[in-house]
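Have a look at the model below before you read on. Then we'll walk through it one piece at a time.

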Amino acid sequence: MRRIAVINQKGGVGKTTTTANLGAALAKNGLRVLLIDLDPQGHLTLHFGAELRDGQPSVYDVLTAATPVGDVLVKVRDRMTLVPADIDLAGAEVELISVTGREVILREALDPIEQDYDIMLIDSPPSLGVLTVNALVASTEVLIPLQAHFFALQGLSKLLDTVTLVRQRINPQLHVGGVVLCMYESATRLAGEVVDDLVKFLEASRGTTCAWADARVYQTSIRRNIKLAESCSFGQTVFEYAPRSHGAIDYARLAAEVLGETISTEGVGTPNAVAVSAPSASALAAAAPTPLRVGVG
Ligand code: ATP
Ligand code: MG
């Protein structure tokens, strides 16, 4: 099972939207997808219309009461299974403070179901506390959704410090797979500048042993698209709610990149068939400010 933590301690950057819709796109590609809601806001759970009933066990019980993860799974769609969360999870941060080995609870809990899924995506809260650390320990890859605004890169360095610490102390396999720009507005100069700075920063670490030495900025940026915001309030993925929207097209393309495949998204609903292949860093540097012109014909 490939294990990806979707992390950014900044709020509202697109973590949950990415986890839900990238997960849905991967399931459409035939993968068995495990989604873990590790945010007390429970937004990922709501995104699939899977609100917890009274007494229904959740990831909170897995972390604090040794409930087997198999007891809390909810099948939300074909090939998509969710470990749900709700506000109870907020208590876990405090309850786990004095628990030895609290950072590895999720990783150990997932072992028995490892074989049942091809890929796992963890949605994290907007903080770098014990829940996020559990996500980082249970994963081998970090996917960072980023919004191109002035302070975006400042926040990134704090996040990368945390990834580095977890990699050094607990999880040597952990590395940053990539950064995906969310709510992207290609027309703005700021967006282009943020991407340029990010590409330069990542380029400077090539060949080193740091956790982001092989990280890339995904060529697919997720455009700002109201259908993405609307779909979650209906408890639907964007592929269900608006399959022809930019949001659906962008997440289908992102899934292709995450899988490292060259696929066509023709049939998703766009008149513009888009072929995506894993980009080189230099191609990204050239293409990133206007990524959506690439390959569209
Ligand atoms: P939090 O840190 O609170 O968990 P988050 O990082 O998970 O937030 P989301 O909940 O995914 O962020 O997105 C924040 C808001 O922006 C939501 O209302 C979501 O529907 C909306 N949104 C996300 N991506 C897009 C997009 N590409 N275009 C338009 N709206 C978007
Ligand atoms: Mg969220």
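What follows is a short tour of the ligand site and a few loops.

## Ground rules

This is a predicted model, in which local features need pLDDT of at least 70, side-chain atom pairs count only at pLDDT 80 or more, and totals for chains, interfaces and linings use all residues. Residues are numbered from 1 along each chain as its sequence is written, chains are lettered from A and ligands numbered from 1 in the order in which they are written, and side-chain values use heavy atoms, with hydrogens and water left out.

## Where the ligand sits

Let's start with ligand 1, which sits in the largest pocket. A pocket here is found on a 1 Å grid over the protein atoms alone: it is an open set of points with protein on both sides within 12 Å along at least five of seven lines. A molecule "sits" in one if more than half of its atoms lie within 2 Å of its grid points.

Who is around it? Ligand 1 is surrounded by 19 residues, and the closest are Lys15, Thr16, Thr17, Arg223 and Asn225. To be near the ligand, a residue needs one of its heavy atoms within 4 Å of it. Sorted by class, that shell has seven nonpolar, seven polar and five charged residues. For the sorting, Ala, Val, Leu, Ile, Met, Phe, Trp, Tyr, Cys and Pro count as nonpolar, Asp, Glu, Lys and Arg as charged, and the others, Gly among them, as polar. Two helices, α1 (15–28) and α9 (226–233), each supply at least two shell residues. Helices (H or I, at least four residues) and strands (E, at least two) are DSSP runs, numbered from the N terminus.

## Polar contacts with the ligand

Now for the polar contacts, meaning pairs of N or O atoms within 3.5 Å. A polar side-chain atom of Thr17 is 2.5 Å from an oxygen atom of ligand 1. For Lys15, a side-chain N or O atom lies 2.8 Å from a ligand oxygen, and for Asp39 the distance is 3.4 Å. On its own, ligand 1 exposes 620 Å², and the protein buries 82% of that. Such areas come from the Shrake-Rupley method with a 1.4 Å probe.

Arg244 and Ser245 both belong to the loop between α10 and α11. Which of them is buried, and which is exposed? Ser245 counts as buried because its relative accessibility is 10%, while Arg244 is exposed because its relative accessible area is 62%. The cut-offs are under 20% for buried, over 50% for exposed and partly exposed in between (1.4 Å probe, protein chains only).

Ser245 is 19 residues from Ile226 in sequence, with 9.2 Å between their C-alpha atoms. For Arg244 and Lys227, the separation is 17 residues in sequence and 9.9 Å from C-alpha to C-alpha.

## Other loops to find

Arg79, in the loop between β3 (74–77) and β4 (80–83), isn't a glycine, but its phi is positive, near 60°. Met183 also has a positive phi, about 50°, without being a glycine, and its place is the loop between β7 (175–181) and α8 (189–204). Arg79 is partly exposed because its relative accessible area is 40%; Met183 is partly exposed at 28%.

Finally, find Gly11 in the loop between β1 (2–6) and α1. Its C-alpha atom is 8.2 Å from that of Ser127, although the two are 116 residues apart along the chain.

Technical notes
A polar contact is a pair of N or O atoms within 3.5 Å; within protein, one must be able to donate a hydrogen and the other to accept it, and residues adjacent in sequence count only if both atoms are side-chain atoms. On a 1 Å grid over the protein atoms alone, a cavity is a set of points where a 1.4 Å probe fits but cannot get out, and a pocket is an open set with protein on both sides within 12 Å along at least five of seven lines; lining residues have an atom within 4 Å of a point.
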